[in-house]
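Please keep the sequence and the structure in view while reading.

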Amino acid sequence: MTMPLMFDLLGVFFFGVSGSLLAARRGFDIVGSLLLAGLTGIGGGIVRDVILGEVPTAFANPYYFVPPTLAALLVYFVAPGVQRLKRPLLVFDAAGLALFCTSGTVKALELGMNPFAAALLGVTTAVGGGLLRDVVANQTPAIFDPRDMYAVPAMMGAGLIAALWVAGFSGWVWELAVAAIVFTLRVLSL
Amino acid sequence: MTMPLMFDLLGVFFFGVSGSLLAARRGFDIVGSLLLAGLTGIGGGIVRDVILGEVPTAFANPYYFVPPTLAALLVYFVAPGVQRLKRPLLVFDAAGLALFCTSGTVKALELGMNPFAAALLGVTTAVGGGLLRDVVANQTPAIFDPRDMYAVPAMMGAGLIAALWVAGFSGWVWELAVAAIVFTLRVLSL
Amino acid sequence: MTMPLMFDLLGVFFFGVSGSLLAARRGFDIVGSLLLAGLTGIGGGIVRDVILGEVPTAFANPYYFVPPTLAALLVYFVAPGVQRLKRPLLVFDAAGLALFCTSGTVKALELGMNPFAAALLGVTTAVGGGLLRDVVANQTPAIFDPRDMYAVPAMMGAGLIAALWVAGFSGWVWELAVAAIVFTLRVLSL
């Protein structure tokens, strides 16, 4: 398993947990929790791949269904009291955001998009899953909360990755470093 | 007209009626009813085809616009009193669910997806239209109702079709049989 | 810059303003305003291009990010009092609707779709951005308001463009004329 694939699966897991936590707060059952975990985890990547004209990785590679399943089970069995806590949802969401804004931008760059469009697609990957989660659960998306700088760290991370690429720096070490910065900024802003 | 095409058009009609019934309950006019019937009827298939990288059948073949139109007219002219009844919506929805979870899985298998991804795409086709219907009409999707096992029959049907395919059984007779099982399970669970 | 590109960018700007005005009414901050302007402005075209199997113009051509940015800045700095007025949102929305129902239909025709599917894709382009705007901002889409004939002018415009194409008339002069008719009908219906 390659490093980028591992990061991506990790991002799917983090977003999946955020989806299952929202499902628990809204009183959905285990099936609803699994579906919302799946949509949140792989939704952003599917939007990215459909725009890039690729078969979505999540459908080409069955590994992608493991993280949402784990997330739904974890939240269902381990965390009955957790459902009233808003904070864990935000921290898991932040980790997914950090990993996806970098991996999304890199994938778009590798497929030959210009750096500007690539950064935008990275942001789309990062915020897409959470946006679908909130829209489908029928609540105003977290991304529009005026007391919260949700999208800004993702924009900075995606822009930074694109700028590093133009300057000739790429590889998973850079991705991980940028993801760590995005995660830190996002958690500090909570 | 081939058998699979007929089943698909029938599924579009059933989902179309469910869309128009929701439009009537929400007080939308005939245009809104037509749009919601169309989105519900062809939405799941469009998502499936976009993910498969195909031009959506509904756009390649003008037949697909007949069922939503019929559905909207039917609900508009025949059913003024029906709009308070929740049950017809659920039965029509169940018929669409049964037909689409099988036809969606088969299409994905025929285009060379692995059985696991194909089953998931079948479920996506089956629940996609209804999900779009509820999201667009701004209500919590039926799929997340904890008192209701909405997605489970579709998951079983799609999985069964994929398993039969692996075992060497395919063709519209099998599809119809699985669809009948899914429909029965779904209606019994109401 | 070609004439069709200019019309398209203008449509993105108009829809972008409608997105930012809704963001202001809902109390979203400048980032939320920019995101909603972007989604409203380029959302319909992305849906169109994804269905057509093309890389979305908005991602191929960086020009497309200028209009939403201008729209968000305009609404943020120029229009603090405007946020309670519903009418400007409707007029800007009407201008976007008029330009997109024609440009969307033409693009589909040029890529070889049959006139019927092309007209439908034109309507999808025209109403798609506003639908995404309302869905994402968690309110019942304007398109379903029974006191308002939102989609009808777009349907007429898209149908007219397709009919003119079949009759051998095409080019930006015809597009502009049809867009003017659609805009007039839409504004008169308010």
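**Contacts of chain A**

The contact between chain A and chain C takes 24 residues from chain A and 20 residues from chain C. The model is a predicted one, and every value below is computed from it. On its other interface described here, chain A places 20 residues in contact with 24 residues of chain B.

**Chain A with chain C**

- The area buried between chain A and chain C is about 1,800 Å², and carbon and sulfur atoms give 76% of that area.
- Between chain A and chain C the count of salt bridges is 0, and the rule finds 1 residue pair in polar contact across this interface, with both residues at pLDDT 80 or more.
- On the side of chain A that touches chain C, at least two residues each come from α2 (30-52), α6 (115-136) and α7 (151-166) of chain A, and of the elements α6(A) gives the most, with 7 residues.
- Sorted by class, the side of chain A that touches chain C holds 17 nonpolar, 5 polar and 2 charged residues.

**Chain A with chain B**

- Chain A and chain B bury about 1,800 Å² between them, with 76% of this area given by carbon and sulfur atoms.
- Within chain A, the residues that lose the most area to chain B are Leu35(A), Phe59(A) and Val136(A), which together account for 32% of what that side buries.
- The count of salt bridges between chain A and chain B is 0, while 1 residue pair is found in polar contact across the interface, both residues being at pLDDT 80 or more.
- The elements that supply two or more residues to the side of chain A that touches chain B are α2, α3 (57-60) and α6 of chain A, and α2(A) gives the most, with 6 residues.
- The residues on the side of chain A that touches chain B divide into 15 nonpolar, 3 polar and 2 charged.

**Helices α5 and α7 within chain A**

- The axes of helix α5 (residues 87-110) of chain A and of α7(A) come within 9 Å and cross at roughly 35°, and the crossing of α5(A) and α7(A) is right-handed.
- From α5(A), the contact is made by Leu97(A), Cys101(A), Thr102(A), Thr105(A), Val106(A), Leu109(A) and Glu110(A), and from α7(A) by Ala154(A), Gly157(A), Ala158(A), Ile161(A), Ala162(A) and Trp165(A).
- By class, the residues in the contact of α5(A) with α7(A) are 9 nonpolar, 3 polar and 1 charged.

Conventions. Residues numbered from 1 in each chain as written. Chains lettered and ligands numbered in written order. Predicted model: local features only at pLDDT ≥ 70, side-chain atom pairs only at ≥ 80, totals over all residues. Heavy atoms only, no water. Contact = heavy atoms within 4.5 Å. Buried area = accessible area lost by both parts, 1.4 Å probe. Salt bridge = Lys/Arg side-chain N within 4 Å of Asp/Glu carboxyl O. Polar contact = N/O pair within 3.5 Å; in protein donor to acceptor, adjacent residues only side chain to side chain. Helix = DSSP H or I, 4+ residues; strand = E, 2+ residues; numbered from the N terminus. Nonpolar A, V, L, I, M, F, W, Y, C, P; charged D, E, K, R; others polar. Axes fitted to C-alpha atoms, helices over the stretch in contact; angles between N-to-C directions. Left-handed = near helix turned anticlockwise from the far one by under 90°.
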